[in-house]
Amino acid sequence: MNKINNHSLVTLHHKIGLTDGFILENTFDDAPITFQMGCGELAEGLEFALIGLQEGDEQTLDIGPDLAFGFTDDEAVHTLERGEFNPDMALEKGLIIEFSTPAGDTLPGTILEFDDSSVKVDFNHPLA
């Protein structure tokens, strides 16, 4: 059997949860995911933990922020003017919105608080 390496095409079922027991994603009742190792589709720590596994292996991981979604950075929290948002958009605390960067990339932002004039948005990865 082939073992997973840095360039393998991998198909697997997975369940991702937080330490408080909240389940973010679970594919065991649906179709498995397929991805190319080394393409950045998974967090570095997740890919690293798969190296050397082969068909039928099971793995349980507990990885820290340094190898998963990063640590939070206070400088990634910004206050934007409410006028920059669609007036019909129903804002609520915890809502994750996709924003466009000046370079044309997309970035998720989590609404922390808002009022009639401003919206405080956290641009850290939602799982940081």
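Residues are numbered from 1 along each chain as its sequence is written, and side-chain values use heavy atoms, with hydrogens and water left out. In this predicted model, local features need pLDDT of at least 70 and side-chain atom pairs count only at pLDDT 80 or more, while totals for chains, interfaces and linings use all residues.

Reader: What is the order of the strands in the open sheet of four strands?

Author: Strands are DSSP runs of E, at least two residues, numbered from the N terminus. Two strands pair if DSSP finds at least two bridges between them. Here the pairing is antiparallel, and the order is 5-8-7-6.

Reader: Which residue in strand 8 stands opposite Val-77?

Author: Strand 5 (residues 77-81) and strand 8 (residues 118-122) pair over five bridges, in the antiparallel sense. Thr-79 faces Lys-120 in strand 8. Val-77 stands opposite Asp-122.

Reader: Which residue is the bridge partner of Thr-110 in strand 8?

Author: Strand 7 (residues 106-114) runs antiparallel to strand 8, with four bridges. A hairpin through three residues joins the two. The partner of Thr-110 is Asp-122.

Reader: Is Thr-27 buried or exposed?

Author: Thr-27 lies in the loop between strand 3 (23-26) and strand 4 (33-36). Buried means under 20% relative accessible area, exposed over 50%, partly exposed in between (1.4 Å probe, protein chains only). Thr-27 has 7%, so the answer is buried.
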